[in-house]
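Please look over the chain below before reading on.

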Amino acid sequence: MHMIKSAICDMLGIEYPVFQGGMAWIADGKLAAAVSNGGGLGIIAAGNAPAEYVKQQIQIARTLTDKPIGVNIMLLSPFADDVSKIVMEEEVEVITTGAGNPSKYIKEWLFEGIKVIPVVASVSMAKLMTRLGASALIAEGGESGGHVGELTTMVLVPQICDATTLPVIAAGGIADGRGVAAAFMLGACAVQMGTRFLSAEECSIHPVYKKKILKATDLCTMVTGKRLGHPVRSLRTQFARDYAKAEYGGMPDEELEALAAGSLRLAVQTGDNEKGCFLSGQIAAMVNKEQPAAEIIKEVMEEAEPFLLRAPQWVK
Ligand code: TUI
């Protein structure tokens with residue numbers, strides 16, 4: 001059997017070129033360890049959580065795996081500075097960043113020997129991160145769940161690949177082998193999947209959340225939050241509709257912010273349809289079964305393989 005390996009596998013010491021997205025309140029130590037044990041890169045999400053929570057999750061992951069793990073630092077978090085310190089202390093192998101510009105941290109992370117892989121949503125940010133010495137880049141298109149940029153994966157990935165010499169990980173709208181193959185054809189050498197891992201057995205979201213993902217159809221997601229400058233993709237639930245109505249109905253900024261506060265955590269922990277925000281990528285419609293994380297990785301790469309064998313530059 002062939003194995004699809006790429007530059008990113010060698011750089012990080014992982015078996016498959018598959019990252020698990022750093023989904024706030026969802027991507028905990030248990031999920032990350034399961035993905036890393038399955039040969040991908042498991043990533044713990046810091047989200048808006050305090051540094052102590054992140055430390056606990058890193059320690060949980062370390063008891064469950066001896067493979068490399070990553071932490072995603074959400075740069076809008078009030079705790080981003082504290083999380084940065086904890087992650088260095090705990091000696092995680094990889095840091096990914098989201099929802100902003102990580103310039104001020106990059107030097108110290110690299111100095112600690114950590115691989116730094118920012119999410120970029122534009123060519124200019126890709127060039128800047130390349131100049132600052134990032135290890136690789138995640139090009140995440142607006143099909144993804146959570147905080148979304150302007151451009152789609154199809155448009156963003158090839159432009160980022162042309163703008164950098166670094167390995168590029170494609171994200172947004174990828175949940176099966178066809179998506180992986182397509183991403184590689186656009187020039188990526190790995191993928192990051194979030195929504196697909198929501199269905200992992202080791203993913204501890206509330207059963208209501210998991211069921212919503214498994215039952216989702218093509219038009220089930222929507223983007224809210226544009227007015228405050230941080231558009232977020234989530235399932236089209238009662239809460240999402242109410243938020244959109246408030247957003248376009250002239251609700252003051254502070255009230256809108258209060259409406260969103262805590263909504264991610266609520267969805268994950270209680271499945272609350274009225275007040276919870278169920279982040280999801282557009283690809284949720286193609287996520288139809290619960291299975292172990294390791295099986296997801298293997299299945300996706302086995303599907304991709306027949307396509308990728310026709311692109312020999314990627315095959316080792
Ligand atoms: O970050 C994500 N996904 C997220 S973060 C999140 S929590 C949140 N809470 C409140 C408001 C907004 C988000 C939920 N989901 N994905 C990675 C990602 N990063 N997508 C897009 C970007 C991005 C966008 C702009 C990265 C850099 C960037 O640069 C802007 C700049 O500073 O120039």
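Is aspartate 176 buried or exposed? Aspartate 176 counts as buried, because its relative accessibility is 14%; buried means under 20% relative accessible area, exposed over 50%, and partly exposed in between (1.4 Å probe, protein chains only). This is a predicted model, in which local features need pLDDT of at least 70 and side-chain atom pairs count only at pLDDT 80 or more, while totals for chains, interfaces and linings use all residues. Residues are numbered from 1 along each chain as its sequence is written, and side-chain values use heavy atoms, with hydrogens and water left out.

**The eight-stranded sheet**

- Eight strands make an open sheet with parallel pairing, in the order S1-S9-S8-S6-S5-S4-S3-S2; helices (H or I, at least four residues) and strands (E, at least two) are DSSP runs, numbered from the N terminus.
- Strand S1 (18–20) and strand S2 (42–45) each have a single partner strand, so one side of each has no neighbour in the sheet.
- From one strand to the next, the twist averages 25°; axes are lines fitted to C-alpha atoms, for helices over the stretch in contact, and angles run from 0 to 180 degrees between N-to-C directions.
- S2 and S3 are paired in the parallel sense over four bridges, and two strands pair if DSSP finds at least two bridges between them.
- Helix H2 (residues 29–37) lies across S1, S2 and S3 and runs at about 165° to S2.

**Asparagine 72**

- Asparagine 72 belongs to strand S3 (residues 69–74), where it is the bridge partner of alanine 45.
- Asparagine 72 counts as buried because its relative accessibility is 9%.
- The residues that asparagine 72 touches include Gly22, Ile43, Ala45, Thr96 and Gly98, leaving aside residues up to four places away in sequence; contact means heavy atoms within 4.5 Å.
- Glycine 22 is 50 residues from asparagine 72 along the chain, yet their C-alpha atoms are separated by 5.3 Å.

**Helix H4**

- H4 lies across S3 and S4, at about 165° to S3.
- In helix H4 (residues 80–89), the buried residues are Ala80, Val83, Ser84, Ile86, Val87 and Met88.
- The cover over these buried residues includes helix H3 (51–64), S3, strand S4 (94–98) and helix H5 (103–111).
- After H4 comes glutamate 91, which has a positive phi near 55°.

**Salt bridges**

- The count is eight salt bridges, a salt bridge being a side-chain nitrogen of Lys or Arg within 4 Å of a carboxyl oxygen of Asp or Glu.
- Glutamate 93 and arginine 62 form a salt bridge, with their closest N and O atoms 3.2 Å apart.
- Glutamate 93 lies in the loop between H4 and S4 and arginine 62 in helix H3, so this pair ties together parts that are 31 residues apart in sequence.
- Glutamate 93 is partly exposed at 30% relative accessibility, and arginine 62 is partly exposed at 29%.
- Aspartate 176 forms a salt bridge with arginine 178, the closest N and O atoms being 2.8 Å apart; arginine 178 counts as exposed because its relative accessibility is 52%.
- Lysine 298 and glutamate 302 form a salt bridge, with 3.6 Å between the closest N and O atoms.
- Both lysine 298 and glutamate 302 are in helix H13 (residues 293–308), four residues apart, or about one turn of the helix.
- An α-helix has 3.6 residues a turn, so residues three or four places apart point the same way.
- Arg196, Lys289 and Glu299 are linked in a network of salt bridges.

**The three-stranded sheet**

- Three strands make an open sheet with antiparallel pairing, in the order S7-S11-S10.
- Strand S7 (146–147) and strand S10 (221–224) stand at the edges with a single partner strand each, so one side of each has no neighbour in the sheet.
- S10 pairs with strand S11 (residues 232–235) over four bridges in the antiparallel sense, and methionine 222 stands opposite serine 234 in S11.
- Helix H10 (residues 238–248) lies across S10 and S11, at about 35° to S10.

**A loop residue and an exposed one**

- Alanine 188 is in the loop between helix H8 (177–185) and strand S9 (190–193), and counts as buried because its relative accessibility is 0%.
- Methionine 154, in helix H7 (residues 153–163), is exposed, with a relative accessible area of 58%.
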